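Please open the structure beside this note. Keep the sequence at hand as you read.

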Amino acid sequence: MKLTLCNTRFFPQSYSSPPQARLTAGFHPKAFITTGVSVALSMGLFIAPPSVPSEFPLNQSPAVSLIPRNDKDQLGCRRDELELNTDAAESEPVTDAGIVAEAWQIVNDKFFSTGRGSWSPESWLTKKDDILSTPIQSRSRAHDIIRRMLTSLGDPYTRFLSPAEFAKLARYDMTGIGINLREVLDDNQGLKLKVIGLLLHGPAHGAGVRQGDELLSVNGIDVTGKSAFEASSLIHGSSGTLVNIMVKHGRCGPVQSIDIERQSIARTPVYYRMEQIGNSSSFVGYVRLKEFNALARKDLVTAMKRLHDMGASSFVLDLRDNLGGSVQAGVEIAKLFLHEGELVTYTVGRDPQYTQSIVAESPPLITTPVIILVNKNTASASEIVVTALHDNCRAVLVGERTYGKGLIQHVFELQDGSGVAVTIGKYVTPNHMDINDNGIEPDFRNLPAWNEVTKHLSGCHKPN
């Protein structure tokens, strides 16, 4: 599963956050099934393709009969089946040297150097030869070697995750059933959704969903053309309830209808209240967002709507001490405040797939003025929201300079249930500012009067 995390103290999977953030939510010790699965905590953009074969059985009987194929389809399908069978035949027991080599390969393929260290493809190749030239006698020794290997990169956000640390990422599961979706182009240049990662022994895995499956529908709703986030939102629901998904196994079927019990463990990060503005008859809606987890967007929308219905004429969004979390959640929350076509952020990476502009696709949830409270611990996904609203003249910032983490990490699972968080790119604000190590300066140190907020926003210039 992909998690793009934005966190100040701890940065697992794809995410943006400063070093050493604590993840307190407990995840069941269920590791993602593929090495390349990015636990990027927020958007579906930062996903690395799987690099180890699926552990799903290849001979499950179909729930729906196969659709007849033409000769070209049959040839492609036979090729796919041959490759899958070859992968299965070649799978070997996990070895200590194999885990180290796997971690090395992930960095070799995905690492985005920020210039802090002396990393180069040539020096990294030499390091592999040095490390694997001597026997590795134990699993703890293998983990220590990986830690030192990653430390040598000079990037504080690229780090090793023990199996226990990796297991804590479940609260960022955007679906509640343990799958990570990615948008890919079909043969007609339309969008389809593929399962690029799932939790080993998670709900979807146990129900028969496989790596590489195509998601066709959720509770009878066709997801063709929908984004990964939209489909994940349809899947997500109360823990213990059932969701029905229709999937096509592999490129050629079969198609199967599967009922899966949701097992979300995320707790709401949203707290809100209504406050009167001085002695006036006006009210402000106060919303505190503690982190960007799987419930952040849904619960924030609920809070904002309730406050609006109660008569809030303006809003305060408190992101102080919010170290980040899921980048995808941060991006989707920023979109709630922006007009269609306005820029949320730019992303830049070593891999061209990570270089893109992200924009809002629909009208804003609210158009009233917003104050965002920030401090030195406002970081990562929080800074995506802060800069998106600030640069697009939708909010003023009040408090202290933010932390300044503009890097994106993916968390990749290793075959023994541990993982590595690897920097794979960075984001740049709508005003083309690289905030990494710089942070964002607030507009006001102390809470301004609302007429000052309105005046400030009226003189604001949006990015070109």
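The points below cover a sheet, a pocket and a set of paired strands.

1. **Ground rules.** The model is predicted: local features need pLDDT of at least 70, side-chain atom pairs count only at pLDDT 80 or more, and totals for chains, interfaces and linings use all residues. Residues are numbered from 1 along each chain as its sequence is written, and side-chain values use heavy atoms, with hydrogens and water left out.

2. Five strands form an open sheet in the order 10-11-12-16-17, with mixed pairing. Strands (E, at least two residues) and helices (H or I, at least four) are DSSP runs, numbered from the N terminus. Two strands pair if DSSP finds at least two bridges between them. Strand 10 (270-276) and strand 17 (395-399) are the edges, each pairing on one side only. On average, neighbouring strands of this sheet are turned by 25° against each other, direction ignored. Axes here are lines fitted to C-alpha atoms (for helices, over the stretch in contact), and angles run from 0 to 180 degrees between N-to-C directions.

3. **Inside the sheet.** Strand 12 (residues 312-318) pairs with strand 16 (residues 370-374) in the parallel sense, over four bridges. Phe315 has Val370 of strand 16 as its bridge partner.

4. **Helices on the sheet.** Helix 8 (residues 296-309) packs on the sheet and touches strand 10, strand 11 (283-289) and strand 12. Contact means heavy atoms within 4.5 Å. The direction of helix 8 makes about 15° with that of strand 10. Helix 11 (residues 450-458) also packs on the sheet, touching strands 11, 12, 16 and 17. Its direction makes about 125° with that of strand 17.

5. **The pocket between domains.** Where does the second largest pocket lie? Domain 2 (175-262) and domain 3 (270-459) both give residues to its lining, so it lies between them. The domain bounds come from an automatic or database assignment. Helix 7 supplies the largest share of the lining, five residues.

6. **Strand 8 and its partners.** Strands of a sheet pair through backbone hydrogen bonds, either parallel or antiparallel. Strand 8 (residues 242-248) pairs in the antiparallel sense with strand 6 (residues 214-218), over four bridges. Leu215 stands opposite Val247 in strand 8. Strand 8 and strand 9 (residues 255-261) are also antiparallel, over seven bridges. Here Met246 stands opposite Ser257 in strand 9. The hairpin of strand 8 and strand 9 has six residues between the strands, and Gly250 takes a positive phi near 70° in this hairpin.
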